[in-house]
Amino acid sequence: MRCAVIGGKGGTGKTFIAVNLAYIVSSKFNCKVLLVDSDVENPSVPSALGVGELKIIGQVKRFSPKIIFDKCDLCGVCAENCPPHALILIPNKKLMFLETLCEGCAMCFYICPRKAIVEDESVVGWIKFGVFSSNLDLLVGELRPGERGYSEIIEELMGRLDSYNTSYDSIIVDSPPGTGKPIKLIVESVEKLFVVTEPTRLGLHDLKKLYSLIGSLRDFTVILNKAGLKGGVESEIRDYVSSIGVEMVDVPFDLSINYAYASFKPYVELYPESSVSNALVNIARRLINS
Ligand code: SF4
Ligand code: SF4
């Protein structure tokens, strides 16, 4: 079973939920689990589990233009057609390439009338592997600092999942925030979605947006994290979820979660008897039974 823990905005607790589900399924239910960190700009799963050592098992590369200045006549066609303005022409002087803005689309390569741009490659990030326990491994995507190739790394991560299918009982993907192309790639690579929201106006807004984009594509369970938080819009979220007819489970608000973050250990290991842990165990049970 492959599932993804997603949510529109950052800070709703996606990584908290994903890490603890992976911990419970691997330790309490004795399943072999691969936990995938696809928040490539800020992969925080390893530190949440206290895993310091990760091995690089792959580089993610993409097209990068190499300008042959002897051939370039400074016509400026490439600069005019570069979508993110990574090529800048200083008329009659020089053509500049700003690598950190380049999206690797290769438009300049195809459009240059003098064939003054040739194919090169640049590393946009890495795929890393780590071990938490005999039953829980980590697969982590990491963007090179200053790069913008989120989608390439997530595509590479998701492309690798098939090869891990037979080695693991469950694959759990911790997703980046947002609703764009990277999320679509993840949704298409799993069978079940846990959509984390919180009882705030923004949480409700993002939940509605996600449901309208992907609600019909996959089995969709809403996790209301921080349930019971005072002053929020919890009743509006409950009304909305009931109106769309999907399942929702609560994870109660508890300040002890913050202490677990600071200790680099799974919350469930530190507070096994708490109401938060009980809620997480029930969600993990749904996962392995689905
Ligand atoms: S399109 Fe080719 S020739 Fe024209 S400025 Fe760009 S690299 Fe130079
Ligand atoms: S590959 Fe695309 S984004 Fe990069 S410089 Fe060329 S046109 Fe611009």
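First, the ground rules. This is a predicted model, where local features need pLDDT of at least 70, side-chain atom pairs count only at pLDDT 80 or more, and totals for chains, interfaces and linings use all residues. Residues are numbered from 1 along each chain as written, chains are lettered from A and ligands numbered from 1 in written order, and side-chain values use heavy atoms, without hydrogens or water.

Start with ligand 2. It has 14 residues around it, the closest being Cys 82, Cys 102, Cys 105, Ala 106 and Cys 108. Near means a heavy atom within 4 Å. Two elements give two or more residues to this shell: β3 (55-67) and α4 (107-111). Elements are DSSP runs numbered from the N terminus: helices (H or I) of at least four residues, strands (E) of at least two.

Now the pockets. A pocket is an open set of points on a 1 Å grid over the protein atoms alone, where a 1.4 Å probe fits, with protein on both sides within 12 Å along at least five of seven lines; lining residues have an atom within 4 Å of a point. Volume is the space filled by probe spheres set on the points, which are joined across faces, edges and corners.

The largest pocket holds about 250 Å³. Of its 17 lining residues, Gly 11, Lys 14, Thr 15, Asp 39 and Ser 44 are closest to the centre. Helix α1 gives the largest share, three residues.

The second largest pocket has about 180 Å³. Its lining includes Gly 11, Phe 16, Asn 225 and Tyr 261. Here α9 gives the largest share, three residues.
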